[in-house]
Amino acid sequence: MPSARQTANTSGLVLVNPHKHKIVALEGLKVNNQSNNDILLKFVDQYTSDASKTMAADAVQAAEALGTGHPLSGKVRLEMSVPTGEFQSLGKDDVGGIRFLGGCAVIADAQTSDCVVVAQYRLE
Amino acid sequence: MLELRPVETFAGVTPRPKVLLPDFWIKVSDSFPDALDHVRGKSMKVLKTNQIVWPVTKIIKEGCYVDLNLSNDNGQELLYPNDPSNMYEVLIALHPGNYYLLPYFPAGQPIWRLDEPTMTPTMNSATLKYLGAIRPSDSPVENPVFKLYLFYKLKPVILRVVADDGVAYEKCRIEFQINRCKIAQDTPPANVTPKYIPYLDELKW
């Protein structure tokens, strides 16, 4: 099972790049926050939808970029707060249902290399 | 008429190939139009085959749809043969997700409907948008059963990919498993029953 590591960053850092034909399925998450502050983490889905038509009115639905230009505009799939000095580990029971249609990026409310995020995932 | 069927039992089952193989025979329907007279009503022998997988993925907002035109027209999916002596047997496999397909042939004309005139797939109806829908569980990647036969100069087949309500966006992943067949007109041996290929319009009775 692949895994990816990043540190807390307010601009967002990519954990998993998107795959054209696969979905990123989260299997586990480990966060070690040894910084002096509690950290709020958001895990966002980054993708661009295809242009389509609405079923209700047959109107054009333009393609939308969610998080591909900037992670902050991505669709939030998971949000968690990690108190200072704590190590949190979430297993498959906790995050197994969380899937990313595109890539996965993590955004923090504070920037520090003392908060490390490791994600375990599967491409399905 | 009501029938309560007993559990069927089988003995001496012979496995049957899922796709056409070399030396197999097909019989193309007489109902094919003039433009397809290179195959219309003819018995054809499969000379050789190869299998090509082509994945197509669309991320679609819920309550919206994308029409996949499988033909070789400009800007379309280019999944048709370009040679009269080729035929594509296409298995359409669907990865899991909250979406479904509605086939149209030609554009705007659904293949499946019921006898009552209102019972036809209708996109802006909360109920009729599901009429004839092919769900991922109907033709899963592990065992696809939704199949099309595509010939040179056949009118475009449209697959409407619909992202159903409830998931904001869906990544609709469709795998076309194309059995590319070289075919030639011939007379089948007396002990062989060719596989009958109807014209798509014949399904719309």
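## Strands and pairing

Two strands pair if DSSP finds at least two bridges between them. This model is predicted. Strands of a sheet pair through backbone hydrogen bonds, either parallel or antiparallel.

## Strand S3 of chain A

Start with S3(A) and strand S12 of chain A, residues 112–123. Nine bridges hold this pairing, and the two strands run antiparallel. Look for Ala25(A): Arg122(A) in S12(A) stands opposite.

S3(A), residues 24–33, also pairs with strand S10 of chain A, residues 99–100. That pairing is antiparallel and has two bridges. Here Val24(A) has Phe100(A) as its bridge partner. Strand S9 of chain A, residues 87–90, is another antiparallel partner of S3(A), joined by four bridges. In this pairing, Lys30(A) faces Ser89(A) across the strands, standing opposite that residue.

## The sheet in chain B

Now move to chain B. Six strands form an open sheet there, in the order S6-S4-S8-S2-S1-S9. Pairing in this sheet is mixed. Which strands are the edge strands? They are S6(B), residues 146–151, and S9(B), residues 195–197. Each of them pairs on one side only. On average, neighbouring strands are turned by 35° against each other, with direction ignored.

S9(B) pairs with strand S1 of chain B, residues 25–28. These two strands run parallel, and three bridges join them.

Note on methods
Residues are numbered from 1 along each chain as its sequence is written. Chains are lettered from A and ligands numbered from 1 in the order in which they are written. This is a predicted model: local features need pLDDT of at least 70, side-chain atom pairs count only at pLDDT 80 or more; totals for chains, interfaces and linings use all residues. Axes are lines fitted to C-alpha atoms, for helices over the stretch in contact, and angles run from 0 to 180 degrees between N-to-C directions.
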